[in-house]
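Here's a quick walk through some surface features of this model. Have the sequence and the 3D view open as you read.

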Amino acid sequence: MKNPLKLDEEEVKILRDFERGEFTSLTNFKQEKRQLEEAAHNFLQKDKRINIRISSRDLETLQKKAAKEGMPYQTLISSTLHKFVTGKLKSVE
């Protein structure tokens, strides 16, 4: 019987690794989960506020782009800044 699941490349690799026994159970899953949740919360927490002045035209463009993406414009700005500071924003030249 064929496998009815359609797996992407990464999922196929995970399945192969699992079948080879390369995964082990965590001995203290609840503690590990709590630590990872706390780390994610601390990393993603927005604890600073800034005020910036930009042109009306730029703000309108940002608002339109954010609306197209289905998100608030502040979220778009924050996401773009985060990508920039983490080196994930590619420069178009």
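A residue is called buried under 20% relative accessible area, exposed over 50%, and partly exposed in between. Keep in mind that this is a predicted model.

Start with glutamate 11, which sits in helix H1. Is glutamate 11 buried, partly exposed or exposed? Its relative accessible area is 38%, so glutamate 11 goes down as partly exposed. Now look across to glycine 70: 59 residues separate it from glutamate 11 in sequence, and the C-alpha atoms of the two are 28 Å apart in space.

Next, the greasy side of things. Leu5, Leu7, Ile14, Leu15, Phe18 and Phe23 make up a nonpolar patch on the surface, and together they have about 580 Å² of accessible area. One of these residues, leucine 5, is found in the segment before helix H1, which spans 9–19.

| Residue | Relative accessible area | Class |
|---|---|---|
| Leucine 5 | 59% | exposed |
| Phenylalanine 18 | 55% | exposed |
| Phenylalanine 23 | 47% | partly exposed |

How many aromatic pairs are there, going by ring centres within 6.5 Å? The count is one aromatic pair. Phenylalanine 18 and phenylalanine 23 have ring centres 6.5 Å apart and planes at 40°, so the pair is classed as tilted. That label follows because planes under 30 degrees apart count as stacked and those over 60 as edge-to-face, with the rest called tilted. Both of these phenylalanines also belong to the nonpolar surface patch.

Methods: Residues are numbered from 1 along each chain as its sequence is written. This is a predicted model: local features need pLDDT of at least 70, side-chain atom pairs count only at pLDDT 80 or more; totals for chains, interfaces and linings use all residues. Side-chain values use heavy atoms; hydrogens and water are left out. Patches are made of residues with over 30% relative accessible area and no salt bridge: like charges are joined within 9 Å, nonpolar side chains (Val, Leu, Ile, Met, Phe, Trp, Tyr) within 5 Å. Accessible areas come from the Shrake-Rupley method with a 1.4 Å probe; for residues, only the protein chains shown count as cover. A salt bridge is a side-chain nitrogen of Lys or Arg within 4 Å of a carboxyl oxygen of Asp or Glu. Helices (H or I, at least four residues) and strands (E, at least two) are DSSP runs, numbered from the N terminus. Buried means under 20% relative accessible area, exposed over 50%, partly exposed in between (1.4 Å probe, protein chains only). Rings of Phe, Tyr and Trp (its six-membered ring) pair if their centres lie within 6.5 Å; planes under 30 degrees apart count as stacked, over 60 as edge-to-face and the rest as tilted.
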